[in-house]
Structure formats: C-alpha cells, structure tokens
Amino acid sequence: MSVLTRDEAQTRAKLLDVHHYAIALDLTTGDETFTSRTVVRFTARTQADTFVELKPAELREATLDGHPLDPETLEDNRLPLKALTAGEHELRIDAVMRYSRTGEGMHRFTDPTDGETYVYTQLFMEDVQRVFAAFDQPDLKSVFDLSVKAPAGWSVLANGITTDLGDGHWQAAATPLISTYLVAVAAGPWHSVRTEHRGLPFGIHCRRSLAPYLDPDADEIFEITRQCYDRYHEKFEEPYPFDSYDQAFVPEFNAGAMENPGLVTFRDEFVYRSAVTDTERQTRAMVIAHEMAHMWFGDLVTLRWWDDIWLNESFAEYMGYQTLTEATRFTDTWVDFGVMRKGWGYDADQRPSTHPVAPEAVDDTASALLNFDGISYAKGASALRQLVTWLGEKDFLAGINTHFARHRFANAALADFIDSLASATERDVHAWADAWLRTTGVDTLRPVVTPGEEGTYTLQVEHKGSRPHRIAVGLYDLDVADEGRHLVLRERLDLDVPQSTPQPIGKRPTLLLLNDGDLTYTKVRFDPESFKAVTETLSGLPSPLSRAVVWNALRDAVRDGELPPTAYLDAARTHLPHETDLALVQGVLAFASTYVADRYVTPEQRPAALATLSSLCRDLIRRTEDGDNPGLRLIAVRHSVNAAAHPDTIAAWLADGTVPGGPELDPELRWRVLARLAVLGATDESAIAAELARDPSATGQEGAARCRAALPTEEAKAQAWEAMFTRDDLSNYLFTATAQGFWQPEQTDLVRQYVPRYYEDAVALAARRGPAIADAAGRWAFPDHAIDEDNQALGQACLRDADPIPALRRKLVDQLDDLGRALRVRQS
C-alpha cells in the first residue's frame, strides 16, 4: 500500500480545493462487504496529474466529469486522475468495501449476548479509504453529505443530526468544513438516551445488551458532559461549532475514544458491567472532557499535517484534566495524571524512538501514526501546564482564542499557534517553543542544600538538561504536635531553573521537595536528608499531588538503576496502607506488580515480591472491613488476586462467589480470579467453559480466551499461538486477550520455545493484517517476561534483518529498550 508523503500532500493541497462529498453507504449487502458510492466536487487550480485514495474489495465504476476511468488503473490504494484541467470537476466512485474486524475502517461486530450486529467507523489517518473514496489529508477540508441504507430495526448516527426517511434509509445533516479523518458513522440497533442542553441535542448510545449498565450511569455522563460544555464556553469565545453532541460507546474500539465532530466514539468498556473505583469513573469523565476539547482543538482548527499531532492531543489532554478539575466533582485529577499518565510520557521520552513534542520531520502517514504516544499526549500536556505556569492563564487563553478566530474551520501549524500566543504576551514564546517543543529527553533536577550562617541554609538546584523550568519547592517540617508522623508545609517557594543565585531557605527542612505541585515535566531527586524523610514519612505529606511527585521520583530512580526495586516495594508496603487517594494506590500498585514484581526483580526474588504485595493487599482489605471505602477495597482485592502465589484462597472466593466481607464477585472479578487460577494450573477447560456459559458476553469471550491461553500446558499454548499467528480470524480484542494470557512469569520454561518464533511470526502477521494487529502483536504478544540477553539479541536481529512494518518496528524498538532497562535494573 502507498502511504501519503508530506511532499505529496503539500503538492495536492496547492492544486485542489475540495468543496463537497456526497457519500451513500448501503449496509444491507451482507456480512462481509458493503456498498460505497461517492460523489466529490472539487476545483483544480491548474492542469496537473493527481490521485484519489481508495481501498476497495471491488472498484465497480469510476467517472470524472462523466468520462469513465479505468478501474484497472487503481494501484494499491490510489486511483490516478490524469491531465486534470484547471476548473471545477465531479468525481464519481462506485465501490464494494470490506468490513473490518480489527477496529479500522468500518468495523463490524456481532454481540454474542443477543446476536445483534453493529458497525461503526474509525477513519483515523488513512482508514477513510476503507469506507469511501477521498482526497485523504487533513488540510483538504470539505462539506460531507452522508446517506445510509441500514437493515430494519437499526438506527444511524453520524456527525450531524440524522433523519429516518423510512424503509431503512437515513440522511445525515451536512457537516461544516471538516477533515476526511473526522467523518463518522455508527449504525445498529442502538440503545439511546437523549436530552438537550442549551438547545443542543445530546445523546449517549450503546449496544442493547449494555443498556442495563448504561442507564444507571446516564445522569452522571450527561452531568459531566454539561459541566465540561459550559466550562469550555466560559474559556473559549468561539461557540461549540456543530449541530449536536452524541457519544457512542462502541465495541472492540482500538483507542480510548475518537473526537469525531458531533459523534464521539468511546470504547464500550466505559459502560461498566462490574464494580469500578471512583478513580475509574474519573478516568471516564476525563476522556469525555478530553474529547469535547477536541471539538475546538482538532475539529474546528485542524492540524495542517501530522507533524502537529500535539496541537490536537496535547491540548485535549491538558484541557481535559484542567477542565475536569475546575468544573466537576473530580477536583484532584492532576494526581491521577501525575501518577498514571505522566510516567507514560517519561518512559517514551527515554527510549530510542523518542521524538520532539512538535517534530519537524514527519515524512509520511506511516511515520505519523507512530507518534500517537506518551510524548504527544502526556509530555505535551505537561509542557502546556508548564507554559500556563510561566505565561499565566489569562494570556494563555487570550492566545488560544486568537488562534480559534484566525483559523476556524481551517488548518494551522505550530508557527501559527505560537504567533497567536505571542500576540497576547510580551514573553518570548518562540524561544519557549524551541526549548520545550523541539527537543527530546527528560531533564533531571537535584537539590544541593548548603549550610550558611546562624543555622540557615541555601538551595541550589543542579539541573541536568536544557529546558527552563518554573517550579515550586516545598519545604516540609515534622509535625511535632503529631509525634512526627506527619509533615507540615512550612513554605512553598517559586523558583526559576536554571537559577541565577542560590535560594535562601532558612533552617533545614525535614523534606525539601522539588517540583511540588507537579507543574513541570522533569525527573526529580532528593538530597540525603530528604530521602530519609521520604522513606519514613511519605504517607505523611499533606497533599496527594505532592505524594504523587515523590512516588514518581521513586519510580524513576528504580528505572534508572539508582534505587533497588525491592526498596520501592518496601516503600509501598510501608506507606500504601495509610494512603487515602485511590489514584495513588492504583498507580503505585500497578507499577509494583507489572514492572517491579514481574520484570525488575530476579526470578529468585519474585516469590518474596509477590509475598510483599499480598501482605500489603491483606492490610488494605483489613483496613476496609467497615465498608466505608469500597473503592480501596476493590483495588486491594484485584491486586490480591494478581499477586496470589497459591490458589487456595482465591479459589475459595470463586467457589463462594464473594470475598469474605465483600465484595461479591462480579463478572470482572470472576474472570480475574479464573485467569490467575489458570496461570497457577488450578483450573481447566471445563471450568472456563462453565464460566463462559455463565457470562457469554463479549467481555466473557475475551475472559475465556485469556484464561485458555494462560493454562500451563503445551496443548493450550500451541492452540493459543495458532489462534494468534496462523488463523487470522481473531478480532482485535480477542487477539489482545489471547496474547495477555499467553506469556506468564510463572511459565518461563514452558513457553521458552516460542520466544524465537515470536519475531518471525509477528513480522508475517503484521504484514498480513495491518497496523492495528501489528500494534497489538508488539504491545501484548511480545515476550516481555523473557528478561535475558538471548531475547534481546533475537529482537535486534529482527529489526536489522526482517523489515517489520513501521507499526510493529516501533513497538519492537520500545519493547527491546524496556527489556534492556530491566536487565540493567537486575544487574545494578
């Protein structure tokens, strides 16, 4: 397949103005394909050759200005338009398109619960070509008129308000000018809940089988939506630019959500079938806020080319967290960002695949797809948070509103945005952008505390890196009234780094915390006295955001080989039993289990690590026996299951259907327990089949696939491997579930033979099935528990000799770097 290059896109943008698409989709033609008819009206500025993109099962007919085009000239995904004359043109395409089972293009899903079928589009980057013919680049915006023929009993959702014309025919209102990748359709027998806010239709939609779970949460979802909508209208002078706001929770979705104007699509795990913590509800709320921010950042004003992905994602990420904090009951969202999201950015920025937030050279769409990572989201959002700290929110918002006014329903690049900011401030935002958006890597700040006269001290921040930072420094003393168990904030100093002179701090504090409040993007370290205070009184810090900064510092020190992984476990064992913030408990336990226990400790140390985690979880369960913190108890139960080294206790929970004292085992917990029993060899196929009969839902199908792949038998592993790498009939979600079950630290010897097979089979699979499955194969099917030099050598040979497609290559580069880091941590 030909990928679009930046040069080709720039050439075509100079040639064409695209005015209108009329798209007619017929979804009644069978289970494998649908019909797509497209009429495109456009103007050519001069005579030239160009092309339109299309990936059909069959190109039945194509005409340009009434003259037939030869379907045989379609090569890969390009239909040539030769000797195009200056002036107006009409292109007509009649094609048969394939449904997808990988979350790309028009994804088709049949619900195993009730047999109902649903389809929806995900047209990001290059996948619009799987649904209709298009001049597929973000700066050729157009009006889209969409009609759909759907089976009886279905309803159709789209970017604009849809009208049922009868006999299965639906018409969507024409869009304003939007980019091709933002066109959206979702069709099926949806369960819909509707309301209005400020005269605008709001709707939420899900599969019928999920209606009993969506309805109890509908008020909460609508409340968050209204609160964010109102807050954005206080921030932005430009009103919401579309005619409705629908949110559809769709099956087997590859991303968290997609910002299609007027029709945001979410993965339907956000419709909770089982108990969740308030932090998980906060995550759903943040995604709602993030996607709504995209209505302005990305949809109203769209990037000109994919090097400015950050103009979409970093802004939506920053605005999502900030607006949720300002407008909803979730007032501590930056804690979750700090302990869960920010590490994603730090990790990505220290790998060989790192790139600037705003890279200068994204040569083609395949390269661009790789940049949807922790840098474009978490690092970019952190950079914007630092920008607001440095610039002030008033000037920041003034610059944003200038940007919207200048580029509404058009496209913009980094230079345009910086010029808009510069119009609102005297500060040198161009220099700031060069330092923050054009560089890679993570700075490190380390305090140097020096005694002065009469018992006073000064602070000099040792700065490893190149970026300027405006930070807060927290000076904390022991609370003598509380027998030294807690810390009290004496003073929080504002400090610019690099410093011009040492900063007086008075008497020596018990704990000196750099980047208190987490306002910049940097690693921080402690002076010796402060590190001692951290080990003894971390849980006594008064602010959860300050504690998040400390936990991140400990996490970074482990990954850099400066702190033994067992010391991190000891800190968790000491301080998590006293932690009150659920996001912190969740984040620390996730790192302690997934990285420390599963990868960073040696096989000989792993039993002790699991024992520490089990003991910690038992403490948390005992702490919540009175029932006043069900979220904390749920976290503790989940991780207790994950850390179980012996099956007896959790097998009893499954048999009884409850944890003593609660909670009862809902479907998520039942599948979690069964998966751990499978790893431990304490269940079998008959038990998995019985559980699937109890829960035949899509989630149940995934749970069964995960359990079957986790069984510690040669037969189970062989069947799972064949399903993943040979049959090519697994959907994206079933592939992921199977891969999650396959590799287990307890089964290293059993699966050793598959480590060398992985590289050859993954390269072939990715070439056959494309980027979405390639991403899943690299992320979930990689043998990341084979922490040894042989695995690393095999991976490097694959990168050197096998030519994996870009999506898989990027994942392998990242995984092998993480593998090398785990080896270094073990050897430190």
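Rings of Phe, Tyr and Trp, the last taken by its six-membered ring, form a pair if their centres lie within 6.5 Å. In this predicted model, the structure holds 54 aromatic pairs.

**Aromatic pairs**

A pair of aromatic rings is described by the distance of the centres and the angle of the planes. For Phe236 and Phe404 the centres are 5.2 Å apart and the planes stand at 85°, so the pair is edge-to-face, given that plane angles over 60 degrees fall in that class. The two residues come from distant parts of the chain, 168 residues apart. Phe236 sits in the loop between α3 (218-235) and β17 (245-250), while Phe404 belongs to helix α9 (residues 393-407). Phe236 has a relative accessible area of 3% and is buried. Phe404, at 1% relative accessibility, counts as buried.

The rings of Trp721 and Phe742 have centres 5.2 Å apart, but their planes meet at 50°, so this pair is tilted. Trp721 is in helix α22 (residues 714-725) and Phe742 in helix α23 (residues 732-742), so the pair ties together parts that are 21 residues apart in sequence. Trp721 and Phe742 are both buried.

**Helix contacts**

Helix α10 (residues 414-422) packs against helix α11 (residues 429-437) at an angle of about 135°, and the axes are 9 Å apart. That angle makes α10 oblique to α11. The crossing of α10 past α11 is right-handed. On the α10 side the contact is made by Leu414, Ile418, Asp419, Leu421 and Ala422; on the α11 side, by Val429, His430, Ala433 and Leu437. By class, the residues of this contact are 7 nonpolar, 1 polar and 1 charged.

Helix α14 (residues 565-575) and helix α16 (residues 606-623) pack at about 15°, with axes 9 Å apart. Angles under 35 degrees count as roughly parallel, and α14 is therefore roughly parallel to α16. The crossing of α14 and α16 is left-handed. From α14, Leu569, Ala572 and Arg573 take part; they meet Ala609, Thr612, Leu613, Ser615, Leu616 and Asp619 of α16. This contact of α14 with α16 divides into 5 nonpolar, 2 polar and 2 charged residues.

**Backbone features**

| Feature | Residues | Angle | Location |
|---|---|---|---|
| cis peptide bond | Val497 and Pro498 | omega about 5° | Pro498: loop between β25 (487-497) and β26 (503-506) |
| cis peptide bond | Gly662 to Pro663 | omega near 5° | Pro663: loop between α18 (648-656) and α19 (667-679) |
| positive phi | Phe409 | phi about 55° | loop between α9 and β21 (410-412) |
| positive phi | Asn515 | phi about 60° | loop between β27 (511-514) and β28 (523-524) |

Phe409 has 17% relative accessibility and so counts as buried. Asn515 has 1% relative accessibility and likewise counts as buried.

Terms used
Residues numbered from 1 in each chain as written. Predicted model: local features only at pLDDT ≥ 70, side-chain atom pairs only at ≥ 80, totals over all residues. Heavy atoms only, no water. Axes fitted to C-alpha atoms, helices over the stretch in contact; angles between N-to-C directions. Helix = DSSP H or I, 4+ residues; strand = E, 2+ residues; numbered from the N terminus. Parallel < 35°, antiparallel > 145°, perpendicular 65-115°, else oblique. Left-handed = near helix turned anticlockwise from the far one by under 90°. Contact = heavy atoms within 4.5 Å. Nonpolar A, V, L, I, M, F, W, Y, C, P; charged D, E, K, R; others polar. Phe/Tyr/Trp six-rings, centres within 6.5 Å; stacked < 30°, edge-to-face > 60°. Buried < 20%, exposed > 50% of the residue type's maximum accessible area, 1.4 Å probe, protein only.
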